[in-house]
Amino acid sequence: MDGSDTDMPRLYVLGALCVKDAGGRDCTPKGKKAQALLALLALSPRGIRTRVWLRDKLWSDSDEEHAAGSLRQTIFELRRALDGLATQVLTCDRNAMTLHLDRIWIDVRALAGNADTVPDTVVPTADLLEGLDVGDEEFEEWLCLERAAWETQRDAFLAPAPPRPVPARPAAERGRIAIGLLPSIVHGGDGQGAYIGDYITESVARTLSDYQPVDIVDFRGPGPDMAADEPTFLLRARALVVGDGVSVTFLVYGAGGNALLLSQSLQTRVSDFTESDFAMANQFVAQNVDHLAKLFEKAGPDRGGLRNGRSTLIGYHALASMFELDPRRMRAALDGLEHVGDGIDDGLLESLKAYSASFALGENIGQWDDAQRELTEKLVSDILQRNPLNSIALACVGHTMGFVLDRHDVASEIFARAIELNPMQAFVWDHLALHKLYCGDLAQARAASDKAVRLGNYSPISYTYDTTACMIATLQGDFPHASQLGARALAKKPGFHAALRYRLAALGHLDDRDEARRVRGTLLALDPDFADRSVQLNRFRLPRKESIDHVLQGLSRAGL
């Protein structure tokens, strides 16, 4: 239904609620509860709600008898205001109320259906149900969610018209990523909404920059630098604050045509953005970084995206390639790092090269000898002298220092700096968890691993975070959970060696012989040398005797 339905009655819910019959006569109910009742029906998926549901939304503090009586009185008031329209558009029975959506034009539904034919009387930027306050917490919560849902939907056809920089050579043509930060859209919150919106966009940009430096054009101030590059993507956040509740939406637009490419929402509490660990907020940021990284990879030039290999998130994709545990992919990733480096001077590429040594040791992928060890030590030393302000680089160096070079004391300081720089990186928390595991502090290892799993849920290497959790659970003696985590990692990445090794040890302790036989066969087919005890010791590289004895006992009971 759209603006051509001139013979229909009309219901406006953008701005103050208003009802008009086909002739333009105002039939708006005077009472707030009657207006709210009509709105609850108009915004329901099919225009129908049960009486029980309606009572719970409008009289949540009343007993059933009083709420039922109040609903009957409000229905009477609504029918009286609608007059002749009531029999046309409303149906009531003992169980439910129905607003016949095919018999009444509703502005938000018209906008969603065909925005080009919406009459001038509709103001898409107006607040949904402006000023409608019935004094019921259940209704206020419903209204908060509906406003957030509507504003997300509206962006599909109401693209912003952001300021544009002075035309310059697009960054993508020069092998760079450029993103623009738009002003946040804020509703309520007395300044809290602006802080929350800016926190989200700035954190996404900062977390992306850990994988490769990006050019950021900030449109939130007086204007971008005259020499700024034209961004390929535009980031914006919207925050709707009602009391301590906040609905945050993260939006990504293609700069060329302002097409909406990504929209992700979070409903939480304002206090989640002020508490020390920012758990929900940081998880939301990490989720959107992973979604945006996929956009960088998938979007072609004809859609305003990037395809040039030098324009993608080098660190992001290099790590994903390394964890394929394919020697050819490993060589390709390292070769790719050799040919990239323009403007990348924060130690990231060198850190990734040093990090690759852990695969030579733990997975027998790549060369490892005295010369390679000397080269790795020099890389790490050079990186630390440069004092990189990059959490991914520091996590790579920390893991190399501890796991490869057996300097766990130095690694501890490096991980502390990495977490301080960016607490939103799942990769950093995961490698801190591994460090704590190697040092024998399984409680702290598990706490760090739990954060990594939550933050990295959408990461292409999320199976590695599940594997770390499996390792910790195995060493803690939580064998059922360890087996479950290993199975989850292997469901995402069949044949992942570390998950197979630790799940096999857990299955051995569980005396699950049938499943252990299957996993053992898969592991030995991929890594035949693992049948040798000395190779097992090298693959695990657990410095504490009690830890290595624990996993070796599980392997023995599993048939190795």
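This is a predicted model: local features need pLDDT of at least 70, side-chain atom pairs count only at pLDDT 80 or more; totals for chains, interfaces and linings use all residues.
Helix α14 spans residues 391-404, and its axis comes within 9 Å of the axis of α16, with a crossing angle of roughly 20 degrees. Angles under 35 degrees count as roughly parallel, so α14 is roughly parallel to α16. The crossing of α14 past α16 is left-handed. On the α14 side, the contact is made by S391, I392, A395, C396, H399 and F403. On the α16 side, the residues in contact are F427, V428, H431, L434 and Y438. By class, the contact of α14 with α16 consists of eight nonpolar and three polar residues, with no charged residue.

A further pair is formed by α18 and α20. Helix α18 covers residues 462-476 and helix α20 covers residues 497-510. The axes of these two helices come within 9 Å and cross at roughly 25 degrees. This angle makes α18 roughly parallel to α20. Helix α18 also passes α20 in a left-handed crossing. From α18, the residues T467, C470, M471 and T474 take part in the contact. They meet A498, A499, Y502, R503, A505 and A506 of α20. The contact of α18 with α20 is made up of seven nonpolar residues, two polar residues and one charged residue.

Rolling a probe the size of a water molecule over the atoms shows where empty space is left. The count comes to five cavities of 30 Å³ or more. The second largest cavity holds about 70 Å³ of space. Its lining consists of 13 residues. Nearest the centre of the second largest cavity lie Y211, A286, D290, Q425 and A426. Helix α8 gives the most, with three residues. By class, the lining of the second largest cavity has eight nonpolar residues, four polar residues and one charged residue.

Note on methods. Residues are numbered from 1 along each chain as its sequence is written. Side-chain values use heavy atoms; hydrogens and water are left out. Axes are lines fitted to C-alpha atoms, for helices over the stretch in contact, and angles run from 0 to 180 degrees between N-to-C directions. Helices (H or I, at least four residues) and strands (E, at least two) are DSSP runs, numbered from the N terminus. Angles under 35 degrees count as roughly parallel, over 145 as roughly antiparallel, 65 to 115 as roughly perpendicular and the rest as oblique. A crossing is left-handed if the near helix is turned anticlockwise from the far one by less than a right angle, and right-handed if clockwise. Contact means heavy atoms within 4.5 Å. Ala, Val, Leu, Ile, Met, Phe, Trp, Tyr, Cys and Pro count as nonpolar, Asp, Glu, Lys and Arg as charged, and the others, Gly among them, as polar. On a 1 Å grid over the protein atoms alone, a cavity is a set of points where a 1.4 Å probe fits but cannot get out, and a pocket is an open set with protein on both sides within 12 Å along at least five of seven lines; lining residues have an atom within 4 Å of a point. Grid points are joined across faces, edges and corners, and a volume is the space filled by probe spheres set on the points.
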